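Dear colleague,

Please find below the structure that I am handing over to you, together with its sequence. A short account of the findings follows it.

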Amino acid sequence: MELAQLNSFIQVADSGSFSQAAAKLGLSQPSLSRHLQQLEQSLGVSLLDRYHRPISLTPAGEFFLAYVKPLVEQLEQTALLTQRFAHTPSDSQLTIGFVATVLYGLLPEVISTLKQQFPELNIKLVEVSSEQQMAALKSGEIDVGFGRFRHEDAFVQQIFLRHERLVAALPADHLLSSRPAEQGIALKELVDETLMLYHRTPLPNAIASGPTDPLLYLFEQHGLTPKQTMKVRDLQIALGLVAAGEGVTLVPDSLKTVRTEQIHYHRLYHEDATTPIFMNILAHQPHPFIQPLLSATYHVYERKGITYSLTQLTP
Ligand code: BEZ
């Protein structure tokens, strides 16, 4: 069984067409057909129903595709990552991927702490969602990422940094905004409001039947469903709409300095209303500046008296 045969099978299965698959793989149709026949012969079973259009898979083909496709993808990623050992990472440039909410928080301070120690280091910042950080690390687009969600990826190590509390963002003239700061707001007090949803990617591994939006998921964990929601493109828009009195939302605590003239941020009553922060790195080829970056992060936490989870990187 050869990789080229497996790729031919996957392409035909995905496109349902021999001509499209051949064009995508840069093969002639006879070569593609030969790959498929050889594969079927080596397995001793038909994988394709060739008598109908678009071409469909036999039950054996469906089974084979479901298991072989992730293996081929993993093999290709392994080959790409292995090739990267040939290039030593730059010791003068560090590209950091981040989700918007960490930029409002401690990321600028962490970077300036690192720069004080390494003034020559050239740092590039790119906004990349938590989920896309996995692929961006493997392709070399970023050297490290700061994200909010846990992802399963054999090639990526996620270093848990800390839990950050969520706070309620309310229009300044909202009735709850005059509540004393020490008295938290309960989620059930927000269910009649329009809840602004701003997360672009769904929760990974969320319970299949449950909500995949992180804020709705939190409400559901407390047995609640907001009566009205509005999905917006990003956090800035969500906060703009809160400022305009259109609704409320929940944001990480570090955002509570944004638009404070129009928005009141209030502590939530629930201890578990938190959002994690992870540092994402390639498991086997960490960039030489990962350890200094992690140390700079811990340094900032200590300076600010923030509770965090300490991880020792294996050399
Ligand atoms: C934090 O808010 O904990 C954080 C954000 C970005 C980088 C490191 C830490």
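I begin with L47, which counts as buried because its relative accessibility is 1%, under the 20% that sets the limit for that term. Please bear in mind that the model is predicted. L47 belongs to the loop that runs between α3 (29-43) and β1 (48-49). Between the C-alpha atoms of L47 and L36 the distance is 8.5 Å, and these residues stand 11 apart along the chain.

Where does the ligand sit? Its place is in the largest cavity. Two elements, α6 (107-117) and α10 (290-304), each give two or more residues to the shell around the ligand.

The residues found around the ligand are V102, L106, L107, V110, F146, R162, I277, T297 and Y301. By class, the shell consists of seven nonpolar residues, one polar residue and one charged residue.

In the case of R162, a polar side-chain atom lies 2.6 Å from a ligand oxygen. In the case of Y301, an N or O atom of the side chain is 2.4 Å from an oxygen atom of the ligand. As for the surface of the ligand, it exposes 260 Å² when taken alone, and the protein buries 99% of that area.

With kind regards

How values were computed: Residues numbered from 1 in each chain as written. Predicted model: local features only at pLDDT ≥ 70, side-chain atom pairs only at ≥ 80, totals over all residues. Heavy atoms only, no water. Near = heavy atom within 4 Å. Polar contact = N/O pair within 3.5 Å; in protein donor to acceptor, adjacent residues only side chain to side chain. Areas by Shrake-Rupley, 256 points an atom, 1.4 Å probe, with all protein chains shown as cover. 1 Å grid on protein atoms, 1.4 Å probe; cavity = no way out; pocket = protein on both sides within 12 Å on 5 of 7 lines; lining within 4 Å. Sits in = over half its atoms within 2 Å of the grid points. Helix = DSSP H or I, 4+ residues; strand = E, 2+ residues; numbered from the N terminus. Nonpolar A, V, L, I, M, F, W, Y, C, P; charged D, E, K, R; others polar. Buried < 20%, exposed > 50% of the residue type's maximum accessible area, 1.4 Å probe, protein only.
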